[in-house]
Amino acid sequence: MQTKKPIWSLTPVMVATAIFCCVLWGSASPAIKIAYELFGIPASDTASRLVLAGARFVLAGVMTIIFGSLVSRKVLTPQMKSLKYIGALALCQTIGQYFFFFMSLANTSGVRGSIINASGNFLAPIFAIFLFRLEKFEVKKLFGCFIGFFGIFLFLGGSSVLAGGKMTMAGEGAMLMAALFYAISGCSIKIFSKYENPVVLSGYQFTLGGIVLLGIGLLMGGSLSFTSMGCYLNLIYMGFISAGAYTLWGVLLKYNPVSRVSVLGFVNPIMGVLLSALFLGEESQAFSIVSVISLILVSAGIIVVNAKRN
């Protein structure tokens, strides 16, 4: 008797779900910049940015645990031995990565942030090969990283003129730091997921990291002013970005080969650029010659890095 294939392994479902996840992740940059406007948080108010980031990830963590429990048809709770993994991930992925991510988007455009953030897709395999020894050396992967980094460097050089301003450590530099933490956390998840459900790791590290960011922000005197319904909806949506995308992506990785899913990650920076143009009015940056060429190179690099070896 032939076993029925899970719906998540069907190509149309897998592709549509992966693209939906990339749309969610790509919308993070415009959503955060819109949040700064809704909550009235200026670029200089680090404390309130931390409160916003913390609130988002506490909410994202709770949502991830609920979504994951519904998919698994059981309440997801971590094992005692997994607490150290959750703590390490919270430090790298939520606290480290998103401290710099939120800082960057207060000091640079959504388009620039989306393209520069894609460098994490190329730092991750380099770290996995040379630092963590998780993957074998492949010329193909290094070539893909070279293509992607070249696209980012081209963009950094050309877009600074188009944007009418210089690159700054608080803007573009902070996004590169966020990408660095993304790469480290990605390798860490690959290691830790051998011992614990990755959805459990994500949900609880989001919650822990969010609590830490929220606490630090409040101690520094930060606050959030909910002046309209848009503030509530924006915060809920930002929580759903992480919860929905990570949960669905984890389900896809469970039922499909990793390379078959991850190769679709090239849609992520494309969505970030397009949604920044749509919601932030950054069309001149998004559709400039330099941006388009850079985005093509970055996307090509992601495809080459993740393409399945014949």
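## Ring pairs, salt bridges and a surface patch

Modeller: Ring pairs join Trp-25, Phe-57, Tyr-98, Phe-101, Phe-206, Tyr-246 and Trp-249 into a cluster. This is a predicted model, in which local features need pLDDT of at least 70 and side-chain atom pairs count only at pLDDT 80 or more, while totals for chains, interfaces and linings use all residues. Residues are numbered from 1 along each chain as its sequence is written, and side-chain values use heavy atoms, with hydrogens and water left out.

Colleague: What makes two rings a pair?

Modeller: Rings of Phe, Tyr and Trp (its six-membered ring) pair if their centres lie within 6.5 Å; planes under 30 degrees apart count as stacked, over 60 as edge-to-face and the rest as tilted. The count by this rule is 18 aromatic pairs.

Colleague: Which class of pair do Phe-67 and Phe-240 form, and how do you know?

Modeller: Their ring centres are 6.2 Å apart and their planes stand at 80°, so the pair is edge-to-face. The pair links distant parts of the chain, 173 residues apart: Phe-67 is in helix H3 (residues 46–72) and Phe-240 in helix H10 (residues 229–255). Helices here are DSSP runs (H or I, at least four residues), numbered from the N terminus.

Colleague: Why is Phe-67 called partly exposed?

Modeller: Buried means under 20% relative accessible area, exposed over 50%, and partly exposed in between (1.4 Å probe, protein chains only). Phe-67 has 27% relative accessibility, so the middle class applies. Phe-240, at 27%, also counts as partly exposed.

Colleague: How do you know that Arg-112 and Glu-172 form a salt bridge?

Modeller: A salt bridge is a side-chain nitrogen of Lys or Arg within 4 Å of a carboxyl oxygen of Asp or Glu. For Arg-112 and Glu-172 the distance is 3.0 Å, N to O, and the pair meets the rule. Arg-112 lies in helix H5 (residues 110–117) and Glu-172 in helix H8 (residues 169–192), 60 residues apart. Arg-112, at 5% relative accessibility, is buried, and Glu-172 is buried at 4%. The rule gives three salt bridges.

Colleague: What joins Glu-135, Lys-141 and Lys-190 into one network?

Modeller: Lys-141 and Glu-135 meet at 2.4 Å, N to O. Glu-135 also bridges to Lys-190, with the closest N and O atoms 3.3 Å apart. Salt bridges that share partners put these residues in one network. Lys-141 is buried at 12% relative accessibility, whereas Glu-135 is partly exposed at 23% and Lys-190 is partly exposed at 40%.

Colleague: Which residues make the nonpolar surface patch?

Modeller: Phe-143, Phe-146, Phe-150, Leu-154, Ile-289 and Ile-293 make a patch of about 630 Å². Patches take residues with over 30% relative accessible area and no salt bridge; like charges are joined within 9 Å, and nonpolar side chains (Val, Leu, Ile, Met, Phe, Trp, Tyr) within 5 Å. Phe-143 has a relative accessible area of 48%. Helix H7 (139–162) and helix H14 (289–306) each supply at least two of the patch residues, and H7 gives the most, with four.

Colleague: How confident is the predictor in the protein chain?

Modeller: pLDDT is the predictor's confidence in each residue, from 0 to 100. The chain has a mean of 90, and 95% of its residues reach 70 or more. Confidence is lowest in helix H11 (residues 258–262), at a mean of 75, and highest in helix H2 (residues 28–38), at 96. Where pLDDT is low, the predicted coordinates should not be read in detail.

Terms used:
Accessible areas come from the Shrake-Rupley method with a 1.4 Å probe; for residues, only the protein chains shown count as cover.
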